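Work through each task before reading its solution.

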Amino acid sequence: MNFDRSVALTHYDEKWLDLAQLFRSLSLEVLNDRDVVLEHLDRPYFDEIYADRTSTCFERARMYEGLSYGDPSVLLSCPGPSLSGIVLRELGSQEQQDQFFDHVSRQRARTCMAVTEPEKGSDAGNPTSNLNGDHQLQAEKWLVGNGREATMGTIVVRTGPGPYSIVVVMLTPETLSHAGTFRQLLPLAGLQGTGLSHLYFDNVPVEPEQILGMHRRPLERGMHAVIKTFYRMRPCVCAMALGNAQALLDHALPYLKTTSARELHRALQSQTDSARALNHHAAQRIDDQIFDGAAVSLAKACATELAEKVARSMPLLTGTAHFLTNTWLQIATTNVHGYEWMEGSLDMQRLNIVAGYHSPAK
Ligand SMILES: Cc1cc2nc3c(=O)[nH]c(=O)nc-3n(C[C@H](O)[C@H](O)[C@H](O)COP(=O)(O)OP(=O)(O)OC[C@H]3O[C@@H](n4cnc5c(N)ncnc54)[C@H](O)[C@@H]3O)c2cc1C
């Protein structure tokens with residue numbers, strides 16, 4: 001199950017390889033026990049995952065790829081601020097940020113960001129869930145990572161009918177444990193560590209202080225901040241797809257028996273290197289405050305399509321017998337199909353790329 005460290009070092013920083021090796025060793029266990037990672041949180045550098053509040057987009061992209069090379073499902077089961085941390089950094093007041101990050105790092109808490117609704121996935125900017133005039137949350141969200149266990153998080157809801165009445169509300173331990181909050185785990189065929197959940201909030205009271213960004217102009221508060229958060233996090237999803245693809249390619253190395261298999265491997269490795277460069281470029285632009293949606297979407301489209309191509313090529317690379325009988329390989333090729341749905345599907349990325357191409361700022 002372990003990977004060859006000397007091969008991994010040709011792609012990744014030494015810094016993340018011990019944790020990546022740990023994640024790889026938990027690949028099977030996490031399928032049935034999403035808490036398996038929790039007993040390892042004292043390992044070196046783990047605090048940079050669960051207590052992160054300063055990472056740049058570029059640093060996150062490198063970390064996510066190295067750790068996904070180990071196992072993306074284990075990475076997604078880890079405690080930490082994740083997407084909600086980015087939206088808090090974007091939109092939260094100092095008090096809100098302190099409340100959120102202090103809780104997450106002290107409790108080593110899992111967090112969630114609830115955006116998707118049963119009828120509103122790609123159309124995330126038009127939620128039905130709402131916060132009414134009495135500050136009660138009436139919401140249904142699903143496909144929310146770590147939604148059942150999270151003790152902190154955020155939720156996107158509307159406060160009125162208009163496009164500027166969308167807000168992000170902090171989900172505190174009190175909100176998440178309220179009697180009107182119902183949370184259940186959804187069955188998954190891949191990336192089980194994600195713990196995708198279905199959440200209902202039945203008139204759950206919320207304090208006005210839980211609404212993020214009230215110190216900002218209405219235009220900067222709602223979807224604007226959510227879109228910026230997605231831009232800042234999308235390179236991490238690319239990185240996960242690339243880490244997963246790289247793990248598959250390296251796994252195939254000892255099994256390349258024919259010239260055509262070796263040539264196919266070389267071509268896929270070269271495409272992976274290019275997609276990685278594209279992703280690093282997109283992440284760097286985000287850190288330079290250039291919100292180049294087209295660059296981020298192009299990187300995401302290339303990374304997910306490539307990862308799926310690598311997964312499809314595995315029987316040709318390793319031989320069918322090995323492909324069909326190696327358990328880790330079956331898990332890793334299944335996980336690849338999750339990235340398409342994280343942070344926007346391929347169709348949505350293509351729409352962003354076209355919009356960026358036609359934008360006057362190009
Ligand atoms: C591993 C994983 C983790 C996730 N984590 C979270 C999370 O933490 N929080 C959260 O809120 N959600 C999360 N999601 C949900 C994810 O954001 C949604 O699956 C995604 O937004 C797509 O929504 P949907 O599933 O409703 O598909 P739909 O939006 O119904 O899309 C179905 C198909 O229609 C296409 N389509 C839709 N609209 C258009 C259009 N306008 N033009 C062209 N084609 C279109 C799409 O490309 C897709 O192929 C996660 C999903 C996965 C798989």
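A residue is called buried when its relative accessible area is under 20%, exposed when it is over 50%, and partly exposed in between. The model is predicted.

**Exercise 1.** Which parts of the chain does the salt bridge of Glu-305 and Arg-350 tie together?

Solution. 
- Step 1: The side chains of Glu-305 and Arg-350 meet at 3.4 Å, N to O.
- Step 2: Glu-305 belongs to helix 13 and Arg-350 to helix 16 (residues 346-358), so the bridge ties together parts 45 residues apart in sequence.
- Step 3: Glu-305 is partly exposed at 39% relative accessibility, and Arg-350 is partly exposed at 42%.

**Exercise 2.** Decide how the ring pair of Tyr-231 and Phe-291 is classed.

Solution. 
- Step 1: The structure holds six aromatic pairs.
- Step 2: In the pair of Tyr-231 and Phe-291, the ring centres are 6.3 Å apart and the planes meet at 25°.
- Step 3: Planes under 30 degrees apart count as stacked, so Tyr-231 and Phe-291 form a stacked pair.
- Step 4: Tyr-231 is in helix 11 (residues 223-252) and Phe-291 in the loop between helix 12 (259-287) and helix 13 (293-318); the pair links distant parts of the chain, 60 residues apart.
- Step 5: Tyr-231 is buried at 16% relative accessibility, whereas Phe-291 is partly exposed at 25%.

**Exercise 3.** How many disulfides does the structure have, and where is the nearest cysteine sulfur to Cys-78?

Solution. 
- Step 1: A search of the whole structure gives zero disulfides.
- Step 2: For Cys-78, the nearest cysteine sulfur is that of Cys-236, 13 Å away.
- Step 3: A disulfide needs sulfur atoms within 2.5 Å, and Cys-78 is in no disulfide.
- Step 4: Cys-78 is buried, at 7% relative accessibility.
- Step 5: Cys-238 is also in no disulfide; the nearest cysteine sulfur, that of Cys-236, is 8.6 Å away.
- Step 6: Cys-238 is buried, with a relative accessible area of 0%.

Methods. Residues numbered from 1 in each chain as written. Predicted model: local features only at pLDDT ≥ 70, side-chain atom pairs only at ≥ 80, totals over all residues. Heavy atoms only, no water. Phe/Tyr/Trp six-rings, centres within 6.5 Å; stacked < 30°, edge-to-face > 60°. Helix = DSSP H or I, 4+ residues; strand = E, 2+ residues; numbered from the N terminus. Buried < 20%, exposed > 50% of the residue type's maximum accessible area, 1.4 Å probe, protein only. Salt bridge = Lys/Arg side-chain N within 4 Å of Asp/Glu carboxyl O.
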